[in-house]
Amino acid sequence: MFLINCPFCGERDQSEFSSGGEAHIVRPKQPTELSDDEWAEYLFMRKNIKGIQFERWNHVHGCRKWFNVVRDTSNDKILSVYKMGEKPPVNYK
Amino acid sequence: MPNYRIHKTEYIDETKRVSFKYDGKTYFGYEGDTLASALLANGIHLVGRSFKYHRPRGIVSCGAEEPNAICQIGSKKDLTEPNVRATELELYEGLEASSQNCWPNVKFDIGGINNFISPLIPAGFYYKTFMWPKSFWKKVYEPLIRLSAGLGKSPTEPDPDIYDHKHVHYDVLVIGGGISGIISAKMAAKNNLKTLLVDDKKILGGSTIYQNNESIKIDDKLSSEWLKNEIQEIKKLSNLTIKTRTSIAAYHGYNFLLAKENLTDHLPEEKKKNKIRQRLWKIRAKKVVIATGSIERPLVFNNNDRPGILLSNSINKYLDYYGVTCGEKIILFTNNDSAYETSISLHKKGIKNLIVDLRKSASSELIKQAETLGIKIYFNHVVTNTFGYRKINSLEIMELSEDGNTTVGNKIKLSCDCLGMSGGWTPMVHMHTQSGGKLDFRDDDQVFLPKENSEDQISVGSCNGDFDLENIIDKTVNKINKFLDIDNKDYQDTNIICSKENDKRNIWLLPNKIPLGKTKCFIDFQNDSTAKDIKLALKEGFRSIEHVKRYTTTGMATDQGKLSNMHALGIIADTAGVKMGTLGTTTFRPPFTPLTFGTLVGRNVGKFFEVVRKTSMHEWHLENNAEFENVGQWKRPWYYPKNGENMHDAVQRESKAARDSAGILDASTLGKIDIQGTDASEFLNRVYTNAWSKLAIGKCRYGLMLNEDGMVYDDGVTTRISENHYLMTTTTGGAANVLSKLEDYLQTEWPELDVYLTSVTDHYSTASICGPNSKKILNKLFPNLNLSDENFPHMSFKEDKLENINCRIMRISFTGELSYEINIESKYGHSLWKMCIEAGKEFNLTPYGTETMHLLRAEKGFIIVGQDTDGTMTPSDLQMDWIVSKKKYDFIGKRSLYRSDTIREDRKQLVGLLTDDPKEILEEGAQIVSDIKTKPIDMLGHVTSSYFSPNLNKSIALAVVRNGKTMKGQKLIIPMENKNINVTVSDTIFLDKENKRLNA
Ligand SMILES: [Zn+2]
């Protein structure tokens, strides 16, 4: 059970959060210009990394804010949290 | 009755006699006993039958690792509990227990026959024997397995006990109250760390607390005496919490642990009442010290499973802690020093015993002590067979060859009534691995040890592979100082004297002249798997320990292989000729010991199981005999039976009344989201498929919301209240998800939009009045409101007051009738409803529930998201292309509407179905086909909604059918269990295609 450091509220139990999958997938600005394959890439394709992964989480039973999390999936350690729109920490790229 | 209680100990209160029943017979024990120690005191070893072969089995251990003494407690339908280990169950007055695996009784049972047909039950017998013929499953195999398995009975009625949950935070959690745990807890607490110490036993002290060997001393005292002082001292520490009878069930990531505290299981029946039975502790600890100790290993030899064969150290505990001897003539069979402690203890209490030691020789303090006492030791000998049916009565030993691979010389037969075995010690690394820790293998004594890899968790004492006392104390103190970053000096001058063991001789499968196929060398007592099974699995090509485990079922019983996993691994390694450390271990999963569901559920039972949401009109519905339907967490009136009507009759009456005169529905549960901001219109444009910019203030519009994959997600009517203010309604069940989805897009994709979302579902109550007389009723309620079609047309919105209270009135319709929805602040909902009913009396205003609502909308062909859709329907599949804007550049899901898959012509599409027999009502979910002769039958789709329409006097249905759009007029078949129903594909709108009734 993770302890997640919400950037707006501080450390809270995992049960207050919901996970929103891979982070930094930007919705295409002009979907109509995309081929089926390109749209499918956005819509369906997600990484499933063993190691350092960038994820979206929502403090759904708290401030209801979405934010980003850097997590090592091999040991579940959360290495960093940062707000939506912020760049991921360079040391984990 | 025999009495094996041979001396007094401070842990047994002989002034408090306790009577209990075991297998229907009454016995006596004392306060302080476990069920197992009390049975042994009465001379009872035989406690069950083995799982596959139904061999007699006895008590093996004194703790959580017990594989045989598994009991069913009590016989009440609501309170009986299976899988309780007699070795852990504290005795109380009136306890009723029975052996679990022994139908029809423990001394004679029919399953014993399996012992003689055992060649037919090899490894993987489940997979091999019970494969075919298929028809045998129900009548032969399943009853056979169920009968012979005997895995206890679950209670058949709800658990009346009370369970509790508690959340706690500590700086340090110490798991295990043995000597290393006590030292750790004291060091932590004395250094101002808020500390919790838990132990599963009644008292602290682990195995040291009853230690009484003169060659093991601390500061010149017996180690047990020294430890008692320590326990007295830690009880005085203010920032240390001690919880006994508390066991860790699970160790999750981030040092989140679940502990089960037993509060009443040891109390007599009448004292248990109205008390919390167990408490689940949810612990967050900054640091965790694991001091869970180790368990003794059995030895694997022929017929090593007879009653009277126990772990050597357990014999010692029964003797020194409970005052009970397990026999009068005991043989100890060992590969290490610890059996000598037992032997010396027995000797001192006058119990004859001798030792069979696999080692060629040994020379520690303990061995010298035993030799001085004149205890007979057979070095370099191995037990090759045991005898006695219901209890061991003799055994055979032989000398080991030089390499230990075989036996030499003559058999020596020795008589005995109890055999203790010691195969060395297995550190309890369960907690470490549950937390995600990895293991190292130590070749010297063939043990897996915790690999230190994290800064917030550490293992100390014998669970870390530190076995002799000096090692335990010194290493624990050093490690704790470093781990907690403290400088505690309490133990720096502690003087420790202990016997040091120099060697062990580990042989996983002991040699025997008898071929393996003819022996019974048990590895897993509870699941009855033998060394032969493991070898067979290897022969058949299994290599991974996880596969061998499942194939042979070794380690898969309720004890999770606490005694068997290491031997299975060892034999695999030896047979395959690989190093044991390279095999890895199976995964240790929580819970460590079985946990009752009640503990996990806590207080969330009965009415606390889930939140129940009621509208403010709920009382009225109750008073008017409504039957309720659960919609999400809401209780919604389903129908209102009158004068003993059944559901069908009530719904027919309600439906007819709504179209003939007027009906009223409590629509308060519909999700309502208040949307404000300068970009509100743009936001709606992006989330709905149709256009919103041009919606005039005071007008309403129906919207369809898609997922990004193009599939219909939700629908509802949204009203423009002012320039930058909308009120969105969602489906009842979808409200929370829609809000979350909209927030997600706003925060992550379109943060530049000036939009604010507020859930107002609970803020307003809604009464929806429909039918040709609804306008007249509205006029009575709102006499000043101009209800003309010019002033207040369909799909528009007005505000007015009802006795000075603001109301929002929408003229919208989900039934196809002229219809108004009146919204009022929730606290006035009940009054609003009563006023509507009163005003409607002269028009036969009929309250109707969700079933009638569904029927009325189906007559009009309106979909219900989640009933007629299932997450795979596009707007086009629903024949709703009209609602998808062609002009808008983008909206959620738009691009997916022309993916190659979504533009397929032969997708399942929504159609109407009319039965050839107008009285025949289809079953929702029924499959639809066109040809029942060609097999396999081609499934075309299924019925999604089906009703008998009183207004059309015929059965109507909605369905999704492959290529349905092109099938109007076509005949299809609905095959049912005993008939085929003929139907014709129709339009989805059955009533008033011209929408005349909206303006009636
Ligand atoms: Zn937050």
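Visitor: Which class does B:Gln879 fall into: buried, partly exposed or exposed?

Guide: This is a predicted model, where local features need pLDDT of at least 70, side-chain atom pairs count only at pLDDT 80 or more, and totals for chains, interfaces and linings use all residues; side-chain values rest on heavy atoms, with hydrogens and water left out. Residues are numbered from 1 along each chain as its sequence is written, while chains are lettered from A and ligands numbered from 1 in the order in which they are written. Buried means under 20% relative accessible area, exposed over 50%, and partly exposed in between (1.4 Å probe, protein chains only). With a relative accessibility of 35%, B:Gln879 counts as partly exposed.

Visitor: What is the phi of B:Gln879?

Guide: B:Gln879 sits in the loop between α23 (850–859) and β45 (908–915) of chain B. Helices (H or I, at least four residues) and strands (E, at least two) are DSSP runs, numbered from the N terminus. B:Gln879 is not a glycine, yet its phi is positive, near 60°.

Visitor: How many residues apart are A:Cys6 and A:His59?

Guide: A:Cys6 is buried, at 1% relative accessible area. A:His59 is also buried, at 1%. A:Cys6 belongs to strand β1 (residues 3–6) of chain A, while A:His59 is in the loop between β4 (52–58) and β5 (66–72) of that chain. The pair links distant parts of the chain, and its separation in residues is 53.

Visitor: How much area do chain B and chain A bury between them?

Guide: Contact means heavy atoms within 4.5 Å. By that rule, 27 residues of chain B meet 28 residues of chain A. Buried area is the accessible area (1.4 Å probe) that two parts lose on being put together, summed over both. Of this area, 44% is on carbon and sulfur atoms, and the total is about 2,400 Å².

Visitor: How many salt bridges are there between chain B and chain A?

Guide: A salt bridge is a side-chain nitrogen of Lys or Arg within 4 Å of a carboxyl oxygen of Asp or Glu. One of them pairs B:Glu708 with A:Arg27 at 2.5 Å, N to O. The count between the two chains is six.

Visitor: Which helix gives the largest share of the side of chain B that touches chain A?

Guide: Across this interface, 21 residue pairs are in polar contact, with both residues at pLDDT 80 or more. The helix asked for contributes eight residues, and its name is α20 (residues 735–749).

Visitor: Which residue's side chain makes a polar contact of 3.2 Å with that of B:Tyr170?

Guide: B:Tyr170 belongs to strand β8 (residues 162–175) of chain B and is buried, at 9% relative accessibility. Leaving out residues up to four places away in sequence, its neighbours in contact include B:Lys194, B:Leu196 and B:Trp281. A polar contact is a pair of N or O atoms within 3.5 Å; within protein, one must be able to donate a hydrogen and the other to accept it, and residues adjacent in sequence count only if both atoms are side-chain atoms. The partner at 3.2 Å is B:Thr241.

Visitor: Where is B:Pro936 found?

Guide: The peptide bond from B:Lys935 to B:Pro936 is cis, with omega near 0°. B:Pro936 lies in the loop between β46 (927–928) and β47 (941–949) of chain B.

Visitor: How many helices and strands does chain B have?

Guide: Buried residues make up 59% of the 1000 residues in chain B. Its C-alpha atoms fill a box of roughly 115 × 70 × 55 Å along the principal axes. The chain has 23 helices and 50 strands.
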